[in-house]
Amino acid sequence: KSIRRKKSKAPLQGALIAMEPKTGAVLALVGGRSYADSQYNRATLARRQPGSTFKPFVYLSAFEATFDDPNLPPITPATVVEDAPTVFLYEDKEYMPQNYEDEYHGYVTLRQALAHSLNAATVKVAEMVGYDKVATLWNKKMGMPGQVQPYPAVALGSFEATPLELATAYNVLANMGLKVEPVTVMSVADENQKVLEQHTGKPPRVVRPETAFLVVHMMRSVLLNGTAAGAWAMGLPRGIEVAGKTGTTNDLRDAWFVGFTPDLLCVVWVGYDDNSPVYLSGARAALPIWVEFMKGALAGVNSSRFQVPASNIIFVDIDPTTGLRATPSCPKTFAEAFIAGTEPQEYCSGEHGDYPSPR
C-alpha cells in the first residue's frame, strides 16, 4: 500500500529464505508473491544487487586483516573514521558515494557506521584495508559464486547475488566462520525407514571465529539502535539475541533485510522483476516482512545466545564517541568486544575533545 507505482502494472515481488544455521536446513522458501501467476523462483534465481547487506563483509575483511597482515594497524569495532562527503580515486576514476538522504555523521566508530549504514564511512574502511582484500574475502575465502571486483563501489554491494547466495554468506557469520551450505534434503529413507542417504559433512572454516563474532556483535546494534531499531515496535519478541542488516540499493530498486538468531536465519528481498524503483528502504519494505515471519517462527521457542569464542575475545569499556577507553568522567560507556591485543590503550578525556560528536 505504500508503493508509489505509476507506469508498469507488474506487481511488486518478494522472496524469503529461512534456514537453520547449524545444519543449513532450509525451513521455508518463498520465490514470489504467487506461484500461479509466475513460476520464476526469485529466491534462488533472481540476481540483484545486495546493496548495504554486503557491508558486514567489508568489516569482516578488515578484522581478518588483523590476522592476515600483522603490519597493518589493527582495525576494531571502536576504530574511528570520518563519515563525510569524500571522493575516492581508483584507476584514475573518481567515486563519490552518498549517504542515505545525504546525511553525514562526522567522526564515528565502525560499530556506529554499520549500525546506521553509513556509505562514506564504509568505503573508507574498504580503502583502509584494501579493496582487493574485500574482494578476496568474498571470492576466495568464502568461495561465493561470481567474482566481485576490487573497486570502491563493491563496499556498497554494487554487484549481483541471489537471495540464496546471500543466505549462504550470512550463514558463515551465524556459524562464527564455518561455511554451512543450505540444504533442502537432510536424508532419504525407504519404506522401512532404512536411511539410504544422509546429509553429512564437516563444514569448512573460512574465516576466524573471533572476526565473525565481532561482526555479529556489531550487527546487534543495527536492531538495538540502528536502521532496524523499528523491529521491536513491529512486534519482534523482546529478550531475544538477534543480529541483522538492512539493505537498500541505488535509486531504491531493491529492499533487503537479513537477520538471524543463533537458531534461525531469514533473508527477505522486495523489488520489481523489471528493476523499477520500489521507493522504499529495506527498513520500510523488507524489515516488516522479516519481523512478521520471525514473530511466528520464534513463538514459544526458548531463545539461545550468541556464543563468545572461547579465547582471544575480550570486552573493554569504551567511550562510544571517541572509541577510546572509558574513564569515570565519561558520560556514556559501552562494553565493546575486541580481539585480545587490539583494544585501545589511550583513555578518553571525558570532554569529547578528541573528535566531534556524531549527530
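Modeller: Helices and strands are here DSSP runs, of at least four residues (H or I) and at least two residues (E) respectively, numbered from the N terminus. The model is a predicted one. In that numbering, D251 is found in the loop between β9 and β10.

Biologist: What is the phi of D251, and what makes D251 exposed?

Modeller: D251 has a positive phi of about 60°, although it is not a glycine. Most residues other than glycine have a negative phi. Exposed means over 50% relative accessible area; D251 is at 52% and therefore counts as exposed.

Biologist: Why is E101 called exposed, and where is E101 found?

Modeller: The relative accessible area of E101 is 58%, so with the cut-off at over 50% this residue is exposed. E101 is found in the loop between β5 (93-95) and β6 (106-109). Its phi is positive, about 55°, and E101 is not a glycine.

Biologist: How do you know that C330 and C348 form a disulfide?

Modeller: The criterion is a pair of cysteine sulfur atoms within 2.5 Å. The S to S distance of C330 and C348 is 2.3 Å, so the pair qualifies as a disulfide. The structure holds one disulfide.

Biologist: Why is the disulfide of C330 and C348 called left-handed?

Modeller: The torsion about its S-S bond is about -70°, and the disulfide is therefore left-handed. The pair links distant parts of the chain, with C330 in the loop between β12 (313-318) and β13 (334-339) and C348 in the segment after β13, 18 residues apart.

Biologist: What makes C330, C348 and C266 buried?

Modeller: Buried means under 20% relative accessible area. C330 has 8%, so it is buried; C348, at 6%, is therefore buried too. C266 has a relative accessible area of 0%, so it is buried as well.

Biologist: How do you know that the end-to-end distance of helix α6 agrees with its number of residues?

Modeller: The expected span is 1.5 Å times one less than the number of residues. For the 12 residues of α6 (residues 163-174) that should be 16 Å, and the end C-alpha atoms are 16 Å apart, so the two agree.

Biologist: What makes α4 roughly perpendicular to α5?

Modeller: Helix α4 (residues 119-129) packs against helix α5 (residues 131-141) at an angle of about 95°, their axes 5 Å apart. Angles of 65 to 115 degrees count as roughly perpendicular, so α4 is roughly perpendicular to α5. In this packing V123, A126, E127 and V129 of α4 meet Y131, K133 and V134 of α5.

Biologist: How do you know that β1 and β11 pair, and which way do these strands run?

Modeller: Pairing requires at least two bridges. Seven bridges join β1 (residues 13-19) to β11 (residues 265-271), so these strands pair, and they run antiparallel. Within the pair, G14 stands opposite V270 in β11.

Biologist: What makes β2 and β9 the edge strands of the open sheet?

Modeller: The five strands come in the order β2-β1-β11-β10-β9, with antiparallel pairing. β2 (26-30) and β9 (243-248) each pair on one side only. The twist averages 5° from one strand to the next. Helix α9 (residues 287-298) packs on the sheet, touching β1, β2, β10 (254-260) and β11, and its direction makes about 145° with that of β11.

Methods:
Residues numbered from 1 in each chain as written. Predicted model: local features only at pLDDT ≥ 70, side-chain atom pairs only at ≥ 80, totals over all residues. Heavy atoms only, no water. Buried < 20%, exposed > 50% of the residue type's maximum accessible area, 1.4 Å probe, protein only. Axes fitted to C-alpha atoms, helices over the stretch in contact; angles between N-to-C directions. Contact = heavy atoms within 4.5 Å. Parallel < 35°, antiparallel > 145°, perpendicular 65-115°, else oblique.
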